[in-house]
Protein chains: 2
Amino acid sequence: MLGRYIPILRWGRHYSTETFGRDLMAAVIVTIMLIPQSLAYALLAGLPPEIGLYASILPLVGYAIFGSSTSLAVGPVAVVSLMTASALGRLSLEGADYVSAAIMLALLSGGILLLMGLFRLGFIANFLSHPVIAGFITASGLIIATSQLGGLLGIRSEGHALPELVLSLAANIASINPYTLAVGAASLAALIWIRTSLKGQLSRLGLRSGLANLIVRAGPVLVVLGSIAASAAFDLSSRGVAVVGDVPQGLPLLAVPGIDLGLMANLLVPAFIISIVGFVESISVAQTLAARKRERIDPDQELLGLGAANIAAAIGSGYPVTGGFARSVVNHDAGAATPAAGAFTAIGIALATLLLTPFLALLPKATLAATIVVAVLALVDLSILGKTWRYSRADFIAVALTLVGTLLVGVEIGISLGVAASILIFLYRTSKPHMAIVGRVSGTEHFRNIKRHTVETTPGIVSLRVDESLYFANARFLEDAIYEIVAQQPELRHVVLMCPAVNAIDMSALESLETINDRLLTLGVSLHLSEVKGPVMDRLKRSHFLEALTGRVFLSQHEAITTLSGPAR
Amino acid sequence: MLGRYIPILRWGRHYSTETFGRDLMAAVIVTIMLIPQSLAYALLAGLPPEIGLYASILPLVGYAIFGSSTSLAVGPVAVVSLMTASALGRLSLEGADYVSAAIMLALLSGGILLLMGLFRLGFIANFLSHPVIAGFITASGLIIATSQLGGLLGIRSEGHALPELVLSLAANIASINPYTLAVGAASLAALIWIRTSLKGQLSRLGLRSGLANLIVRAGPVLVVLGSIAASAAFDLSSRGVAVVGDVPQGLPLLAVPGIDLGLMANLLVPAFIISIVGFVESISVAQTLAARKRERIDPDQELLGLGAANIAAAIGSGYPVTGGFARSVVNHDAGAATPAAGAFTAIGIALATLLLTPFLALLPKATLAATIVVAVLALVDLSILGKTWRYSRADFIAVALTLVGTLLVGVEIGISLGVAASILIFLYRTSKPHMAIVGRVSGTEHFRNIKRHTVETTPGIVSLRVDESLYFANARFLEDAIYEIVAQQPELRHVVLMCPAVNAIDMSALESLETINDRLLTLGVSLHLSEVKGPVMDRLKRSHFLEALTGRVFLSQHEAITTLSGPAR
């Protein structure tokens, strides 16, 4: 029974030495990759670097217990870090208060995800359309890359949207630190070389493609080590290069976060948006990787897994986490077989907080900025604009609004604009449905639009196909359309409403149909329906409409025309 | 050209003596009916009584020029007066400031209606479903009736929602004034008798039904005259009966309202809601009466007409107005032939402000309260609850939320809840569409649900009919449904997606179809489409989907099955 909600109870039973070996191998690679990322994303979120490490310990354990994906690697990710910075930035908090607010955000986000999972509300995430998410991720990538320019150049930059960032960079451009610039440029060059050329070099040396891939993924840690060495050798800190500085050694204290209702109220909406965005990102990564292994992902279970991860983040002094794309791919490629790989990664990061933090103090922040820039530029994909422009203007508008809104105003407004636009466009479209007068395709029982196909029609009968469910937003539109047709054809005797595309008729539309029926009656015209679907018919039978209907309900349009035009009429 | 936007330029050209006579007759009757209503509704809105009269002068002229209905009588109405009181009540203004805010509300409302008319945005009103409007009107009627109990009993009552009103009535119940109670009860009894029994009496006296109707409609003015006489005879004012008091004699000063941006920002949302509700109320009255005359109403022109009426209200010291049901019916029954009847009514009311105001000073407010109670009880119709409960739970939820929200919290929250609920329910429904596996009805080319009809199916082929447009909210749902079917049938060779009910495929759904196509390919299953509609096909041709599709697109489901199961395969 419990196994239904706690997957570890299922897979844990069959855990073998072989699986252990695979999970451990994957955990080592992911740990190496995760250390610099955790530090970097914490700085992106405006938090002390150790919070990034903490967010890579307990949350991974939480997900390992409740999550269902065997490949997903959770932890701090770029977009959610930017959203955290944006949510907390508005509260003008400093130091410990800022950290507490980040912890509260993780708690709220975890609670929201858990509730959505328990009440099976995962479908809410479906309202974030693919194009909106694509536009949002691209815009976030651009904002994050811009925000890291300050770190690369050694100047201050502020803000979580493009105009503010660009202005603050421009204002401080004179104070570029040449040493920081050198470290930043060198790190960036090294990281780009690793990403674009290292694999080719390794292959030429005869390495297997899989192994070469893993080395490439772990490459950034070499850049980190190199820049720590350079920092120590040239005493870069005394030359004005910002370094990570003292990172507290040891594991995070476990604590139930203090409840501050005012703060919670302020963070509720951002927490909700972070939860939904994090969930959508995570589930699409999990599903893509699951398909490769022919596994299936249960979205509601994933909500529980991510909820547990975020609550664990709150308890272990972290901040909001979700599944990361790059590290999940690494985890998958390295052979992770069960969620236990995540738990082993957590142990790896915990060891790092115990043993490695003294060395991290000298790490130049410019190197971390370079890590972020290289990671997020992979997110930027403007082709979605062209794709949607060609396919559907409605989708294009939603993407463009998301992109521009996120870039110019910020992440929350941007994504809200996109979701609102896609819903409004959908409502607008369904409120003015496509309708077609249909006739029979010669020699068949099939009826199509008279404007698009060569078809036969019968005098005195108009067959109108309505291409939409009938509901409040289009009920009046239907009335107008029918009166228009009737006004144009004085010799009309029968109107057949062909309903294969009418998936529902709500109360407003029912009342409109009653009005149409009444008005046609006074004009001596009968109203018939054809191809009414089962669920719609069930409902109509519960009203008085069918008794009042002047005409009949036909199973098929063919039957309607045969009967109405037949000699027996 | 101009005639398109200014109907008076069309009908004014053919204006005849006969039409003039009919319009004048209607105007006299409507004027008699409108005088007590204008005073009463102004008091309901918390405004001095003369504002009600002013709102019945210029707005009628504005509508006569720009409106398109030949029957609609505009002016102050009960529901909009309640909404005005609710919008202004929140601002805690007194005296002249309160009146200025009411004028500003009319200006904003007029501006919103005009803009909606110019940009042809009348469809926005369609999102107010019939059941939501019915629930809202009923709840408003109940609130208004309760709010007038104070006036009938001579005690203070406050608030614009039921709990506050009931509490304040209960708190002041001890201070009932017996004279007020007597006047209120007598007025109420007289008005109810006029409404329920007078017509029968007049018919027995041999009057024509039409004439009897008009006398009944004008009856309330007799009650007003009677109570003024009683007030004078017994000096009721000195016995604690609240009377209308001095009403300034003369026409309103024309003025362009002062612009106060802070006030405008506060009133924008209420003005929008008032505009939409007023428009929906007005257009449904106008359309009902137009149908009786076989005329048609252009909703966008009505927006211009009502917009002009409200801007005229702002210029002529009035408050928000719209078309009233009862008085429009009277106008129609009395024979109004053109919108000029409204302009003549305006002259009638103007004469009243010049000549009759001295007599109104003695009018007991309890009589006006009784007028309102009798008028609004006609609005209360709880049957909508039962009707929607039987027909559709979704509609019932929307009505119930509107009703309870309006009664308990207030008009703006109530109607917003109803609109939000109906839209969310619609989105929820379309996000989990009905799908049916179909087979051929024996001896026909018609395909229906295998669960509802006796049909023939072909081994190795599954035909799935999706009963909804494919869009972001249900794209993932479709993927899951297809994988589920494929998992259950290992010997499957072809999946045919039957699309007669798919009215659109957006970018998200297109990507899902591409994913489905790819995954089925790896399983050796072909994906086919059938009965794809013209507009959907046009769009698919603009993407690369059709090239990647493993199967074919068939004109009809019959053709699909014949081809796929044929020996030539």
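This is a predicted model: local features need pLDDT of at least 70, side-chain atom pairs count only at pLDDT 80 or more; totals for chains, interfaces and linings use all residues.

Residues are numbered from 1 along each chain as its sequence is written, chains are lettered from A and ligands numbered from 1 in the order in which they are written, and side-chain values use heavy atoms, with hydrogens and water left out.

**Exercise 1.** Describe the contact between chain A and chain B.

*Solution.* 
Step 1: Count the residues in contact (heavy atoms within 4.5 Å). Chain A gives 70 residues and chain B gives 70 residues.
Step 2: Look up the buried area (the accessible area, with a 1.4 Å probe, that two parts lose on being put together, summed over both). For chains A and B this is about 6,600 Å², with 56% of it on carbon and sulfur atoms.
Step 3: Find the residues of chain A that lose the most area to chain B. They are Tyr391(A), Phe472(A) and Arg476(A), together 13% of what that side buries.

**Exercise 2.** Find a salt bridge that joins chain A to chain B, and follow the network around Lys533(B).

*Solution.* 
Step 1: Recall the rule: a salt bridge is a side-chain nitrogen of Lys or Arg within 4 Å of a carboxyl oxygen of Asp or Glu. Side chains of opposite charge can pair when their charged atoms come close.
Step 2: The count between the two chains is 4 salt bridges. One of them pairs Lys533(A) with Asp467(B), with the closest N and O atoms 3.0 Å apart.
Step 3: Within chain A, Asp467(A) and Arg465(A) meet in a salt bridge at 2.7 Å, N to O. A network of salt bridges links Arg465(A), Asp467(A) and Lys533(B).
Step 4: Check burial (buried is under 20% relative accessible area, exposed over 50%, partly exposed in between; 1.4 Å probe, protein chains only). Asp467(A) is buried because its relative accessibility is 2%, and Arg465(A) is buried at 6%.

**Exercise 3.** Which residue forms a salt bridge with Arg120(A), and is Arg120(A) buried or partly exposed?

*Solution.* 
Step 1: The partner is Asp300(A), and the closest N and O atoms are 3.1 Å apart.
Step 2: The pair links distant parts of the chain, 180 residues apart, with Asp300(A) in helix α12 (residues 299–315) of chain A. Helices are DSSP runs (H or I, at least four residues), numbered from the N terminus.
Step 3: Arg120(A) counts as partly exposed because its relative accessibility is 36%, whereas Asp300(A) is buried at 14%.

Definitions and conventions: Helices (H or I, at least four residues) and strands (E, at least two) are DSSP runs, numbered from the N terminus.
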